[in-house]
Amino acid sequence: MENDKETTNEQEQEKNSCECSDDARDEKVAELEILKQSVDEQKALAQDYYDQLVRLKADFDNFRRRSEKEKKDYLDWGKEKILVKQIAIDDVLQHALKSAKAGNNIESIIVGLDMISKEFAKMLKEEGVEEIQCEKFDPNMCEALNYVESDEEDGKVLEVYQKGYKMNGKLIRTAKVKVAKNDKESENKKEN
């Protein structure tokens, strides 16, 4: 009987250990299913992010191409606007040439050149371009090509070789000038 009891205990222990191993196995299978589900969700999320990235890249490429086209169109429009004004100046030039050829007097040539100059100045003004007025030498606006000793005030612009221009307040070309150099005035300043 004792033998039977031991066998029964062993069977119960085996049964309990089998139940424990079945429970542990079921628990591990459940964990594995959860992990598999989590991996599947992460794969789906990664695929979604990848798809969004591909669409975003395509959208950006389209945006860049569209922006470049718009920029080119604006530049072409700006060129067209300037060229139409220059064509008007050419019309005046052609009219002046025609007048100069028709008459042998210098007056008609001078009038024609004056008309061209005024038309060109008008176009520049419409585009926001203004001539730099150089009375006193300013190294930010002028380039001194020549310094000449003179009785004039030191730094006074004596002659403008080439006009300087600003467009909408920004310097686009410096004026090339001849500048007075008065050594007497410079010495007086040093003495004081």
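This is a predicted model: local features need pLDDT of at least 70, side-chain atom pairs count only at pLDDT 80 or more; totals for chains, interfaces and linings use all residues.

1. Overall architecture. The chain contains three helices and six strands, and, when it is read along the sequence, these elements follow the pattern α-α-β-β-β-β-β-β-α. Buried residues account for 13% of the 192 residues in the chain.

2. Two aromatic pairs are present in the structure. In one of them, the rings of F60 and F63 have centres 6.5 Å apart and planes at 35°, so this pair is classed as tilted, given that the tilted class takes the angles left between stacked, under 30 degrees, and edge-to-face, over 60. Both F60 and F63 belong to helix 1 (residues 2-102), where they are three residues apart, or about one turn of the helix. F63 is partly exposed, because its relative accessible area is 44%, a value that falls between the limits of 20% for buried and 50% for exposed.

3. The aromatic pair of F137 and Y147. These two residues form an edge-to-face pair, with 6.4 Å from centre to centre and 70° between the planes. F137 is placed in the loop between strand 1 (129-131) and strand 2 (142-149), whereas Y147 is in strand 2 itself, so the contact ties together parts that are 10 residues apart in sequence. F137 is partly exposed at a relative accessible area of 22%, and Y147 also counts as partly exposed, with a relative accessibility of 48%.

4. Salt bridges within helix 1. A search of the whole structure finds 13 salt bridges. One of them joins the side chains of D61 and R64, at 3.2 Å from N to O, and both residues lie in helix 1, three residues apart, which is about one turn of the helix. D61 is buried, because its relative accessible area is 19% and the cut-off for that class is under 20%; R64, by contrast, is partly exposed at 37%. D61 and R64 also take part in a network of salt bridges that links them with K57 and E68.

5. The salt bridge between E131 and K163. The closest N and O atoms of this pair are 3.6 Å apart. E131 lies in strand 1 and K163 in the loop between strand 3 and strand 4 (165-167), so the bridge ties together parts that are 32 residues apart in sequence. E131 counts as partly exposed at 34% relative accessibility, and K163 is partly exposed as well, with a relative accessible area of 42%.

6. The largest pocket. The space in the largest pocket comes to about 210 Å³. E131 and K163 are both found in its lining, together with S117, F120, A121, L124, K125, V129, E130 and Y165. Helix 2 and strand 1 are the elements that give two or more residues to this lining, and helix 2 gives the most, with five residues. The pair described in the previous point, E131 with K163, is therefore a salt bridge between two residues of the pocket lining, and it ties strand 1 to the loop between strand 3 and strand 4.

7. The surroundings of K156. Which residue forms a salt bridge with K156? The partner is E152, with the closest N and O atoms 3.2 Å apart. K156 lies in the loop between strand 2 and strand 3 (157-162), and it counts as partly exposed at 32% relative accessibility, while E152 is partly exposed with a relative accessible area of 34%. K156 can also be considered together with E135, from which it is 21 residues apart in sequence and 6.0 Å apart in space, C-alpha to C-alpha.

Definitions and conventions. Residues are numbered from 1 along each chain as its sequence is written. Side-chain values use heavy atoms; hydrogens and water are left out. Rings of Phe, Tyr and Trp (its six-membered ring) pair if their centres lie within 6.5 Å; planes under 30 degrees apart count as stacked, over 60 as edge-to-face and the rest as tilted. Helices (H or I, at least four residues) and strands (E, at least two) are DSSP runs, numbered from the N terminus. Buried means under 20% relative accessible area, exposed over 50%, partly exposed in between (1.4 Å probe, protein chains only). On a 1 Å grid over the protein atoms alone, a cavity is a set of points where a 1.4 Å probe fits but cannot get out, and a pocket is an open set with protein on both sides within 12 Å along at least five of seven lines; lining residues have an atom within 4 Å of a point. Grid points are joined across faces, edges and corners, and a volume is the space filled by probe spheres set on the points. A salt bridge is a side-chain nitrogen of Lys or Arg within 4 Å of a carboxyl oxygen of Asp or Glu.
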